[in-house]
Amino acid sequence: MTESVDLRRRDRVAAVVLIVLLLAVGVALLLRRSLPDVAEEKARTARHQRDAVLFDRFSARRERSDDGDRLSVSLRLRTSASVSLPCFVFVVARNDSVTPKVWAIWPPQPPGPAITASGHFHGSTPITGQSMRLTDAWERLSATIPTPANGVPFETVLVYVVDSTGRILLARPFRV
């Protein structure tokens, strides 16, 4: 009789172990299916954030006139997805090889909300930029930046596209 009780107890323990094992395998399969989806979504989101705004056909040329010298910048912008993206654009022209460093920003504005006194973009107030609504169709942007009074030419142009919270969607330097 003790032998039959031991067999029944062993069968119950084996059944419980089998049920726990089946549940563990089921949970592992569910996690295996859902975790790659989360990882893929994170990668896709990061890629879209990094490549949210695309550019094409950048050009910058120095122009002279009786009104003064200026740098004319032109490029095309669009989104990487079929969405409408309200944003603000800033174009910063710099020459860091002279002392003091020379910089200018378009749209024209004094140091403060979007650019530091040393000419570095910080975008804490994005609404001071050129307002645009980008889609998946190319949109042309043209900016004219006056050359400083000392006649020092700009060496680099940086294009910043930011959203309404100040998050940078595109930050791209170009040599002039």
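**View 1. Order of the elements along the protein chain.** From the N terminus on, the elements of the protein chain follow the order α-β-β-β-β-β-β-β-β, which amounts to one helix and eight strands; helices (H or I, at least four residues) and strands (E, at least two) are DSSP runs, numbered from the N terminus. This is a predicted model, in which local features need pLDDT of at least 70 and side-chain atom pairs count only at pLDDT 80 or more, while totals for chains, interfaces and linings use all residues. Residues are numbered from 1 along each chain as its sequence is written, and side-chain values use heavy atoms, with hydrogens and water left out.

**View 2. The hairpin of strand 1 and strand 2.** Strand 1 (residues 53-63) pairs with strand 2 (residues 70-79) in the antiparallel sense over nine bridges, where pairing requires that DSSP finds at least two bridges between two strands. Val 53 stands opposite Thr 79 of strand 2, and among the six residues between the strands, Gly 68 takes a positive phi near 130°.

View 3. The side chain of Asn 95 reaches the backbone oxygen of Pro 153 at 2.6 Å. Leaving aside neighbours within four places in sequence, Asn 95 is in contact (heavy atoms within 4.5 Å) with Lys 101, Val 102, Val 152, Pro 153, Phe 154 and Glu 155.

Technical notes: Polar contact = N/O pair within 3.5 Å; in protein donor to acceptor, adjacent residues only side chain to side chain.
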